[in-house]
Amino acid sequence: MFLRRLEIEDFRKLRSVVIDDLQNGLNVISGDNEAGKSTILAALRAAFFERHRVGGEAAQAMLPYNQNVRPQVKVDFELDGQAWSLRKAFCQKPEAELIGANERHIGDAADDRLAELFGFTPPGRGGSKPQDHQGIFGLLWVEQGLSHQALGVGAGRDSLSSALESEVGQVIGGERGRALIAAAEARRSTYWDKRYKPRGDYKALLDDVEALSARREEMSSRLAAHDSKVGDLARKREIVARYHNDASLEKALSALDSAQEAMVQAEMLETIVVNAGRDATRCKAETEAATERLAARQALVKSSDAARASLAQATHDAEDAKSVVSRLERATATTYARLAQARAARSVADEALAAVQRAIDHGRALHLLARLELDLKSAEEADGKRMTALAAAAAITVTKPEVDTLERAGEQLAKARARLEAASVRIEFKPNAQQNVSSDGKAILLSEPLLLARDATIELEGFGQLVVHPGGGVGDLARAFGESERAFQSELRKTGCASFEAARSQVLQKGEAIAEAELQRKLISATAPRGLEVLRQETQNQRALAAQSAAREIDAKEASEESRAGAVEAQRIALHDEKAAEDAAAQHRAQHEKATLDAAVWNERLNAAITSASEKGRDLIEARSKIADAELQASFDAAQSAHMTAKEAEQAAIRALERANPEAASLALSRAGNAAENIRADLERTAREARDLEIELRALGRDGLGEQLSEIEGQIALRQRQLATTKAQADGARLLYETLAEAQRESKDRWLGPVRERVAPYLRLLHPDSQIVLNEDTLEIEHFVRAGVEEPFRQLSMGAREQTAVITRLALADILRGFGQPSIVILDDALVNTDEERLDRMHLVLNKAAGSLQILILTCREKDFIQLGAPIRRI
């Protein structure tokens, strides 16, 4: 069968369409979305498979929207080399006419002759359904969106079965064969269930053997456990012996002793360091004492010399003694005055240091307060901005889904306006003079073309009236435009905005406000991580601290570490000066007392000077008799040397202690202790486990495991002989049934052989080393095999299912054509889920199939089929 010409009038959205000069092979019919491509397929189905007097929903589906017209379809086609012409009109004054091969049928006769020619069963009542009433064309004429689904063989199965049986004959077997398979199945069921699991006596024997085997395994396991425990006992004895032979515990204890000795040595070195430090301190004290003794001797020498000088001058100095006393009194007073000044200076230095410290503390408090106040200000400003942004966002009620819906409505309105303007009547006025043009009493602007989508009367000044009746479905487009405009205005009212741009602007503003609020929230979290209230409390507390320190009248200029260091140094100098003044005052006081005594002596007894000089001389002689000046100096030098030696000994002891590394000695001691303890514990545990194993093995030996195992093995041998006989019978029953069933499957497999043969060339072009598996009963696609891997059809990707289904339809159409049945293939927007590379290969498949089939491709994607090599007709 080949379609040659198709003419459609007032059928659904198609006002008038003519497609002629259709070729035997590939034909592409292209049009935009909603242009009516699917309507062409619906019109063909109506012409061939609907009764011309059909009513109800089927008839209403043919009518254009809200119109009461007479849908008509005319088809010219060839069948078995004969030309035929078919015409049907529906709804108002339904008609049917079929002409061809010296035949002419009208009305119901035409419907019946079509069913006879194409081998389909027309519906009794209602509309025709592809899978129930349209024979093979329910399979080969694929509607939009269904190309990736199951084949939908339906009513075409009988035709396909006839075509296959014409090549391979009927499936063999008959009633006798089925009876034979049933008997074999009954025999098999005695031993096996449907999933080939044992049943009946066979299962009971298997269960007995399994239970006895389990007992044997248990006894074997117990024997194996016995043997394993024997081995464990030997290993544990070996471990104990190895410990004893290697003297591991003794070595560990020896290492522990060594580690303890090293630790004792380290502790001794620590004691030596402490003692050396004490010796150094003692030598330092002795050095200081020797220094004092040397100074005292020097003072004694000076005192003796002074006594002798005083004696020499006692006579003429007696009168001067009073003046000396007076002078010393004045000097003492001056020294005490200097001491008071030094003490006052030290107090000033103390207060200055305290003031500097207070200034530093105050500066730190102010700095922290300033940072907290800055953070609080930033956080409060951010919080205000956040609240403002949230309020702004809450004030906007327009949502993005509403704007998206409004935008889609606007796009539909723009498309409807463009279609209406494209289909409207375009009139340009070019008057010779200044004639006026009007319509319905309103003047028409002559500088722009006039677009009319409805009937209109135009008044032409100096001419008369011009009546315009736009056709070609402009009314439908005008109504569609009106509906789109109403839908757009309805969606616009929902937003409460004057225009789409205003609604979109509000959504953008709302998004920006929410983003701003989130940004300010993050700024608040960064500035006040523990919260705004916590930051406020911290700032308040720090403000109080700063106020407390400010109440002390602190000069902020003093708040520096340099000032503090200077104050510390000034305090140290003042303390030093105070100590020097105290020493000087004590010295002057002693001199004054001595001078007073001397003056009294000189005044009371002049001769006492001789006695004093004699006494001073004796004191010096006596002191020197006890220890000579050189010896005293040597003692001082020895003390200094001893001090240096003690310090060197202390440093040497410290170095020796560092070399001993007390930490390493402590770690070594801990390690040795752990090793000794672990070895002792492991030795005791292993010996204990060995004793436990000996007790357990003596108990196992009394159970007679070997005798029990021998008895069980005898029972197993008996049951296995019985099982072998029953298993042979069960396997024979199963083999008989499977052999007969396999023979039946092989005959059915040969029945589907022609389908595999027709599919194979197409698959080689698309998926080499692949195969399509059909269900032998329903002829639907069950599996797709790639590289030996079987995949269920429903689990393939949508693109793979689509390609597989198209190829299978082409193969079945080829089989039907060979059987002499009509086999034109129509694909409505198929291969939409195919990538560019696979689409190119599918072009090769379509070209190969077009060598023997007529294929009509209805598409809105013309660019996908430009390179197909087929004529393209546009609607």
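Before I compare any helices, I note that axes are lines fitted to C-alpha atoms, for helices over the stretch in contact, and that angles run from 0 to 180 degrees between N-to-C directions. Helices (H or I, at least four residues) and strands (E, at least two) are DSSP runs, numbered from the N terminus. I am working with a predicted model, in which local features need pLDDT of at least 70 and side-chain atom pairs count only at pLDDT 80 or more, while totals for chains, interfaces and linings use all residues. Residues are numbered from 1 along each chain as its sequence is written, and side-chain values use heavy atoms, with hydrogens and water left out.

**Entry 1: helix 10 and its two partners**

I looked up helix 10 (residues 400-423) and helix 11 (residues 474-495), which pack with their axes 8 Å apart at an angle of about 160°. Helix 10 and helix 11 are therefore roughly antiparallel to each other, a label for angles over 145 degrees, where under 35 counts as roughly parallel, 65 to 115 as roughly perpendicular and the rest as oblique. Where do they touch, if contact means heavy atoms within 4.5 Å? Among the residues that meet are Leu406, Leu413 and Leu420 in helix 10 and Leu477, Phe481 and Phe488 in helix 11. I sorted the residues of this contact into 13 nonpolar, five polar and six charged, where Ala, Val, Leu, Ile, Met, Phe, Trp, Tyr, Cys and Pro count as nonpolar, Asp, Glu, Lys and Arg as charged, and the others, Gly among them, as polar.

I then turned to helix 12 (residues 500-527), whose axis comes within 10 Å of that of helix 10 and crosses it at roughly 155°. That makes helix 10 roughly antiparallel to helix 12. Lys400, Val403, Leu406 and Glu407 of helix 10 make this contact with Phe500, Ala503, Arg504 and Val507 of helix 12, and I sorted these residues into five nonpolar, no polar and three charged.

**Entry 2: helix 20 and helix 21**

How are helix 20 (residues 798-818) and helix 21 (residues 836-849) packed? I found an angle of about 10° between them, with their axes 11 Å apart, and they are therefore roughly parallel to each other. Gln803, Val806, Ile807 and Leu810 of helix 20 touch Arg838, Met842, Val845, Leu846 and Ala849 of helix 21. The residues of this contact divide into seven nonpolar, one polar and one charged.

**Entry 3: two open sheets**

I reminded myself that strands of a sheet pair through backbone hydrogen bonds, either parallel or antiparallel; here two strands pair if DSSP finds at least two bridges between them. Six strands form an open antiparallel sheet in the order 2-1-4-5-6-7, with strand 2 (14-19) and strand 7 (103-106) as the edge strands, each pairing on one side only. Strand 5 (residues 82-89) pairs with strand 6 (residues 95-100) over six bridges, and the bridge partner of Trp84 in strand 6 is Gly100. Helix 1 (residues 37-49) lies across strands 1, 2, 4 and 5, and runs at about 100° to strand 1.

In another open sheet, four strands pair antiparallel in the order 11-10-13-14. Strand 11 (442-443) and strand 14 (464-468) each have a single partner strand, so one side of each is left without a neighbour in the sheet. Five bridges join strand 13 (residues 456-460) to strand 14, and I see Ala456 opposite Val468 in strand 14.

Technical notes: Contact means heavy atoms within 4.5 Å.
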